[in-house]
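This report describes selected parts of a protein model. Look at the sequence and the structure first, then read on.

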Amino acid sequence: MNIESIVKNNLCTGCGACISEDFYKQSKMIWDENGFLVPQLGLNSTQEKMVMVCPFATQQKNEDELGELFLKDNSMNYNSKLGYYTNLYAGYAKQFRETSSSGGIATYVFKRLLEEKIVDHLFIVKEKNGEYSYQFFSNFQEITKISKTRYVPVTMAELFEKISTIDGKVAVSGVACFVKAVRLKQYYYPELKDKIPFVVGIICGGLKSKYYTDFLAQSAGCFSEYQNAEYRVKNKESFALDYKFSCVEKNTNKIHMVEMKTLGDMWGTGLFKSNACDFCDDVVTELADISLGDAWIDPYDKSGLGNSIVITRSQIADDIIKFGLTSNKLVLDTLSENIVLKSQQGSFNHRHNGLKLRMEEASNSIGYSLHKRKRFLINQDFLLNSIQIFRGKTRANSLKYWRSERNIKSFNEKMKKCLFSLRLLTRFNAYIKKYLSGLRVKVK
């Protein structure tokens, strides 16, 4: 398995770590036809080195092996789905909750990292000229400028190209595959452990194509160039899932908005999602120092201002959280493993329970076997497998139809049939589960 085959078979999420391993510096990140960032190779690109740090390469160490190397000695607990961890929490940061997409914990952590000189710089996704990309950031006094979720493809290729020229230590944030790429770099280059002493993991439901933002913009009534896309405009008087998308039309500076709940399930359907995400078995960024995500569980999802799930995995991370609690900067509850698992249950159901089927289908298609942790490879019943198949078709069709149409009306018309079939199957499965559950109760 090399970089070329990974890109060809849509198994790349665009982390860009491989670019720094091209000895001849011939490769670069480009946009592919589906709206994702992928490496473009040169004639002499050194793929045998580049693939060493690819999070999707089959010959790499898996999350269990890397977790043992980087976190086992610093963590007090272990769960087969959550990985190594110290403590589990849910709640929010008082100062940053209103200006953040969720509970504001990430912004609080970033601020503490800079204030306490644990790091000198952050390498995070930040707005620049109305668009979003990974950038170096070191001014904690302007920390609120970074506290938003962005569902847009980005690459951290610049991190490893420039890190040797950066004075001081760097904290990096990223989704699971990006975090794994950082750990692989640190595994092969141990000096990077000191250079990157802290990694923030963002719990992810799947990476979206850049077409997703175009789809949202047109859904909001913007059909020309736009900027300042905001994916989580909160309604603090409502509940967590009741939020809007907004963007600013460049020519007129008009703000366009749309309520996300009117657009259907953007995550359960897999619309505009990267194919590679269906082959990631790390739901909660197991390799980060701290993992942060939305608390999609009662009672935390009842607040429109948002709450975060917090998983500390190193002593530094847990100290940062405990300081926030004792200084009254954080409002957090301690959670059990079961509650944290339940908060991400939809993602576990899709990524773990359907993984075996997707791997079998992919192996037949691409001609070689993928390798994932065996405990997540389980057999599902026919109905659940059918849902997986239809979800995959919906994902692929959303990218294909937007490429050809680029118009919200015709796109929605073309997507209607497969979305209806997926919705029907999902509802039928829910009905069957409820019926069988009722039977079991009667038998007891």
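## Helices α8 and α13

Helix α8 passes helix α13 in a left-handed crossing, a term used if the near helix is turned anticlockwise from the far one by less than a right angle (clockwise would be right-handed). The contact is made by Tyr211, Asp214, Phe215 and Gln218 of α8 together with Leu399, Trp402 and Arg403 of α13; contact means heavy atoms within 4.5 Å. These contact residues divide into four nonpolar, one polar and two charged. Here Ala, Val, Leu, Ile, Met, Phe, Trp, Tyr, Cys and Pro count as nonpolar, Asp, Glu, Lys and Arg as charged, and the others, Gly among them, as polar.

Two packed helices are described by the angle between their axes and the distance between the axes. α8 (residues 210-219) and α13 (residues 382-405) pack at an angle of about 65°, with axes 11 Å apart. That makes α8 roughly perpendicular to α13; the word covers angles of 65 to 115 degrees, while under 35 is roughly parallel, over 145 roughly antiparallel and the rest oblique. Axes are lines fitted to C-alpha atoms, for helices over the stretch in contact, and angles run from 0 to 180 degrees between N-to-C directions.

## About the model

This is a predicted model, in which local features need pLDDT of at least 70, side-chain atom pairs count only at pLDDT 80 or more, and totals for chains, interfaces and linings use all residues. Residues are numbered from 1 along each chain as its sequence is written, and side-chain values use heavy atoms, with hydrogens and water left out. Helices (H or I, at least four residues) and strands (E, at least two) are DSSP runs, numbered from the N terminus.

## The three-stranded sheet

Strands of a sheet pair through backbone hydrogen bonds, either parallel or antiparallel. An open sheet of three strands has the order β10-β11-β12, with antiparallel pairing; two strands pair if DSSP finds at least two bridges between them. The edge strands, each pairing on one side only, are β10 (226-234) and β12 (255-259). On average, neighbouring strands of this sheet are turned by 20° against each other, direction ignored. Helix α8 packs on the sheet and touches β10, β11 and β12, its direction making about 80° with that of β10.

β10 and β11 pair over five bridges, and Lys234 has Tyr243 of β11 as its bridge partner. Strand β11 (residues 243-249) and β12 also pair over five bridges. In β12, His256 is the bridge partner of Cys247, and Glu259 is that of Lys244. The hairpin of β11 and β12 has five residues between the strands, and Asn253 takes a positive phi near 60° there. Six of the seven residues of β11 are buried, so β11 is largely enclosed by the rest of the structure. Buried means under 20% relative accessible area, exposed over 50%, and partly exposed in between (1.4 Å probe, protein chains only).

## Helices α4 and α9

Helix α4 (residues 105-115) packs against helix α9 (residues 315-326) at an angle of about 105°, with axes 10 Å apart. The two are therefore roughly perpendicular to each other. From α4, the contact takes in Ile105, Tyr108, Val109, Arg112 and Leu113; from α9, Ile320, Ile321, Phe323 and Gly324. By class, this contact has seven nonpolar, one polar and one charged residues.

## Leu88

Is Leu88 buried or exposed? Leu88 lies in strand β5 (residues 87-93), and at 3% relative accessibility Leu88 counts as buried. Not counting residues up to four places away in sequence, Leu88 touches several residues, including Leu82, Val310, Ile311 and Val340.
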